[in-house]
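Q: I have a two-chain model open and want to go through it with you. Can we start with the charged pairs, then move on to how the chains meet?

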Amino acid sequence: MTALAASRGGSALAGLSTALFRRPRLTLLLLLVPPLLWLGVIYLGSLFALLAQSFFSIDEFSGVIIREFSLATYREFLGNAANWDIILRTVVMATAVTLGCTAIAFPIAYYMVRYAGMRMKGLLYLGVMLPLWSSYLVRVYSWKLILAKEGIVSWFAAQLHLTWLLEAVLELPVIGGPSLSISYLGTFIVFVYIWLPFMILPIIAALERVPASVIEASGDLGATPGQTFRNVIFPLAMPGVVAGSIFTFSLTLGDYIIPGIIGQSTPFIGQAVYSHQGVAGNIPMAAAFTLVPIVVMGVYLSVAKRLGAFDAL
Amino acid sequence: MGGNGVPAVAFEAVSRLFGEVRAVDRVSFEIADGEFFSMLGPSGSGKTTCLRLIAGFEQPSSGRVLVHGEDVSGVPPYARDVNTVFQDYALFPHMSVGENVEYGLMIRKVPRADRQRQAEEMLALVKLDGLYGRKPSQLSGGQRQRVALARALVNHPRVLLLDEPLGALDLKLRENMQHELKSIQRQVGITFVYVTHDQGEALAMSDRLAVFNHGRIEQIGTPAEVYDHPASEFVAGFVGQTNLVDGYLGQRLGGFPGRYAVRPERIRITTPDTLPEGGVAILDGVIRNTTYLGATVRVVVAVEGGEITVVEQNLQGGDGSASRASGTEVRLMVERRHVQALAESA
C-alpha cells in the first residue's frame with residue numbers, strides 16, 4: 001500500500017502527505033502545537049507571571065521587592081484616591097472613544113458593504129488601512145501640530161470665521177482646555193482617529209453576513225428605513241460592533257503614548273503602569289494596575305453577552 | 001373574481017432597464033382580485049423583476065404599475081399593501097419564529113398580547129403550532145418556508161408575492177407544499193402572485209399564468225390554454241415536452257405547410273395495419289429507442305423526415321421493452337385537433 005502510494009506520488013514528500021492523511025489526529029496535533037505553545041506558555045505564562053507579581057510587595061524604605069504572598073500592594077492600590085481617578089478617567093475615555101469610533105465607523109462600513117462598487121470599495125479599504133502603514137508615533141505627533149494653538153484646526157476656524165465656535169468648545173468644562181492639543185477633547189479625537197480601522201473592519205465583516213433580502217423583508221413588512229436599522233441591521237451587526245469595541249476599548253485602556261503627547265498630562269492607566277515599573281521600580285503596583293483593564297474587559301464582555309450582543313452570531 | 005372588478009395588479013407598458021439591459025420590456029397585463037397568478041419563465045426572463053416592481057424594490061423605468069387601481073410609482077415598499085415570501089425565506093436570524101411572524105404587527109404597533117395571538121393563529125394555519133419560541137436556525141428548510149409564509153400572511157396583505165418559494169425544497173416536500181399553498185390561498189382569499197421557473201408547479205397551482213421570455217410575456221392564459229394552445233415555439237418548448245415539426249412532417253401532421261407542436265402523450269402507437277378514423281393524421285415509422293420513466297415510457301420513433309417522441313402510460317408494467325423493442329415497425333396516430341399551429345417566432 002505504502003509502496004503504491006509513494007510510487008504514485010513519486011517523492012518522499014508525497015509519502016509524507018499520505019502518512020499524514022492516514023493519521024488525522026497526528027496532523028491536528030502537529031498543527032496545534034506551535035500556537036498552543038505560543039498562547040499557553042509564552043502569552044498566558046508571562047501574563048500570569050506578571051499578575052503574580054501584584055501579590056508581592058515593596059519595602060517602602062529600601063525599595064526592595066519582598067517576594068512573599070501579600071495583599072499589601074492591593075491595599076495600597078485601592079486605598080489611594082488618585083488611583084481611582086486614573087481608573088475612572090481611563091474607563092470614561094475608553095467608553096467615549098468606543099462610542100465615537102462606532103458612530104463614525106458604522107456609516108462607512110455600511111456604505112462599503114451595501115452601496116460601494118468594486119472600485120470604490122477597494123479605494124475605501126485602502127483609505128481605512130493606509131494610516132496603519134505609517135508609524136503610530138509620527139501620526140500622533142502630526143495630530144499635535146494639527147490641534148495646537150497655532151495649528152491647522154485653529155487656522156481653518158479663523159478662515160471660516162468660526163474662531164468663536166472653537167473657543168466656545170474649548171471653554172466647556174472638563175473636555176475643554178487652553179487648546180485642542182491640551183484638552184481631553186484632543187485626546188479623544190486622536191484616540192478615535194488611531195483606533196478607527198479596528199472598528200471599521202469588524203463591522204464590515206458583520207454587515208457582509210447580513211443578506212440583502214433580510215433588509216428588503218423588513219421594508220416589505222412595513223418598517224421604515226429607520227425602523228429597519230433599529231430592529232434588523234444594528235442587532236445583526238452587533239457582534240461586529242462588540243468585536244470592534246473590544247479593540248478600541250482595550251487599546252485605549254492600555255495606551256500610554258497618546259495621553260502623554262496630547263491632553264492635559266493627567267495620567268491614564270497605561271502611563272501609571274509605565275511610571276510604576278520604570279521610574280518608581282514598583283513592579284507589584286504596576287502589576288496591580290494591569291489587572292484593571294483585564295477586569296474591566298471581563299465585566300464588559302459578560303454584560304454584552306447578557307444583553308444579547310452575541311445572539312446574532 | 002373581485003367584487004368591484006378593479007384588478008389587484010395592473011402593468012401598463014412597464015419597462016425596467018438595468019443599464020442597457022431591458023429586464024422588463026413594455027409589459028402589460030392584469031391580475032384579477034383573488035386570483036392565483038403565476039409568472040413562469042427561465043432565469044433572466046424578467047419574472048422576478050416584475051415581482052420586485054409590485055413589491056416596490058424596483059421602480060419602473062417607464063410605464064405604470066397599479067395595485068388595486070392606485071399608481072404605486074414612487075411608493076416605497078413599506079408603504080405598499082403587499083407582502084413577499086422570499087426565495088431564501090429572509091427570516092430574521094436574531095429573532096424567534098414568533099417574533100419573526102409578529103414583525104409586521106409590531107411595526108404597526110399592535111398590542112403585544114393581540115399580536116402574539118395572531119401569530120399563533122397564523123403558525124397554526126401553516127401547521128407550525130408550538131414552534132413559537134424556536135430560532136430560525138433550528139428549523140428545517142420546509143419549516144422556514146412556512147414561517148416566511150406566516151410572516152407575510154399575518155399582515156393580511158391584499159396581494160401576496162411569492163418568489164420561487166419552493167425552489168430550495170426537495171421534490172416530495174415541494175409537492176405537498178403546492179397543495180397546501182393552494183388550499184391556504186382558497187382559505188384566505190388573497191391574490192397570490194407566484195414566480196417560478198418550474199412549469200409543473202405553475203400548471204398545478206395557477207388560475208392563470210404568464211410565460212416570460214427575454215423581458216416580455218409570450219402568453220397569458222389558464223394552464224389548459226397555455227398547455228394545449230401554446231402561442232409560440234418558446235411556450236410550446238418551455239411548458240411541457242413537445243414535438244416541434246415543420247417541412248414535410250409539418251405538412252403530414254398539420255395538413256398545411258408550417259410549424260406545429262404536438263404533445264408526446266397525444267400520439268398513439270399502433271400496429272402498421274391499423275386504419276385511422278376521420279380527423280386523424282398517421283405516420284409510419286420504426287422504433288429507435290425507449291426510455292423507462294416509471295409511470296410512463298418514452299418512445300422515440302424514426303419517421304420519414306425526422307423523429308417523433310411519444311410518451312405512453314406504463315400500463316403493461318415491466319420496462320415496456322417487450323412490446324416496444326427497437327426496430328419494431330409501428331404506425332403513429334394523432335388527432336388533428338392536437339396538432340397546434342405555431343405563430344412565426346419573433
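This is a predicted model: local features need pLDDT of at least 70, side-chain atom pairs count only at pLDDT 80 or more; totals for chains, interfaces and linings use all residues.

Q: Which residue does Glu216(A) pair with?
A: Its partner is Arg52(B), with the closest N and O atoms 2.6 Å apart. The pair crosses between chains, from helix 11 of chain A to helix 1 (residues 47-55) of chain B. Helices (H or I, at least four residues) and strands (E, at least two) are DSSP runs, numbered from the N terminus.

Q: Is Arg52(B) buried or partly exposed?
A: Arg52(B) is partly exposed, at 22% relative accessibility. The cut-offs are under 20% relative accessible area for buried, over 50% for exposed, and partly exposed in between (1.4 Å probe, protein chains only).

Q: Which residues are in the network with Glu216(A)?
A: Salt bridges link Glu216(A), Arg16(B), Arg52(B) and Glu58(B) in a network.

Q: OK, what does Arg208(B) pair with?
A: Arg208(B) meets Glu35(B) in a salt bridge, 2.5 Å from N to O. These two are 173 residues apart: Arg208(B) sits in strand 9 (residues 208-213) of chain B, and Glu35(B) in the loop between strand 2 (21-31) and strand 3 (36-40). Arg208(B) is partly exposed at 24% relative accessibility, whereas Glu35(B) is buried at 3%.

Q: And where does Glu307(B) find its partner?
A: Glu307(B) forms a salt bridge with Arg288(B), and the closest N and O atoms are 2.4 Å apart. Strand 16 (residues 306-313) of chain B carries Glu307(B), strand 14 (residues 280-292) carries Arg288(B), and the two residues are 19 apart. Both ends are partly exposed, Glu307(B) at 42% and Arg288(B) at 45%.

Q: Switching to the interface. How many residues of each chain are in contact?
A: 20 residues of chain A touch 24 residues of chain B, contact meaning heavy atoms within 4.5 Å.

Q: What area is buried between chain A and chain B?
A: About 1,800 Å², with carbon and sulfur atoms giving 61%. Buried area here is the accessible area (1.4 Å probe) that two parts lose on being put together, summed over both. Glu216(A), Asp220(A) and Leu221(A) supply 39% of what chain A buries against chain B, more than any other three residues.

Q: How many salt bridges and polar contacts cross between chain A and chain B?
A: The rule finds 1 salt bridge across the interface, and 7 residue pairs in polar contact (both at pLDDT 80 or more). A polar contact is a pair of N or O atoms within 3.5 Å; within protein, one must be able to donate a hydrogen and the other to accept it, and residues adjacent in sequence count only if both atoms are side-chain atoms. On the chain A side, helix 11 (212-220) and helix 12 (225-254) each supply at least two of the touching residues.

Q: Back to helix 11 of chain A: why is it largely enclosed?
A: Because 8 of its 9 residues are buried, helix 11 of chain A is largely enclosed by the rest of the structure. Among the buried residues are Val214(A), Ile215(A) and Glu216(A).

Q: What covers those buried residues of helix 11?
A: The cover includes helix 5 (81-114) and helix 12 of chain A, and from chain B helix 1, strand 6 (82-85), helix 2 (97-107) and helix 4 (141-153). Just after helix 11 of chain A, Gly222(A) has a positive phi of about 105 degrees.

Q: One last spot. Where is Val226(B), and what does Val226(B) touch?
A: Val226(B) lies in helix 7 (residues 223-228) of chain B and is buried, with a relative accessible area of 0%. Leaving out residues up to four places away in sequence, its contacts include Leu209(B), Val211(B), Val235(B) and Arg263(B).

Definitions and conventions:
Residues are numbered from 1 along each chain as its sequence is written. Chains are lettered from A and ligands numbered from 1 in the order in which they are written. Side-chain values use heavy atoms; hydrogens and water are left out. A salt bridge is a side-chain nitrogen of Lys or Arg within 4 Å of a carboxyl oxygen of Asp or Glu.
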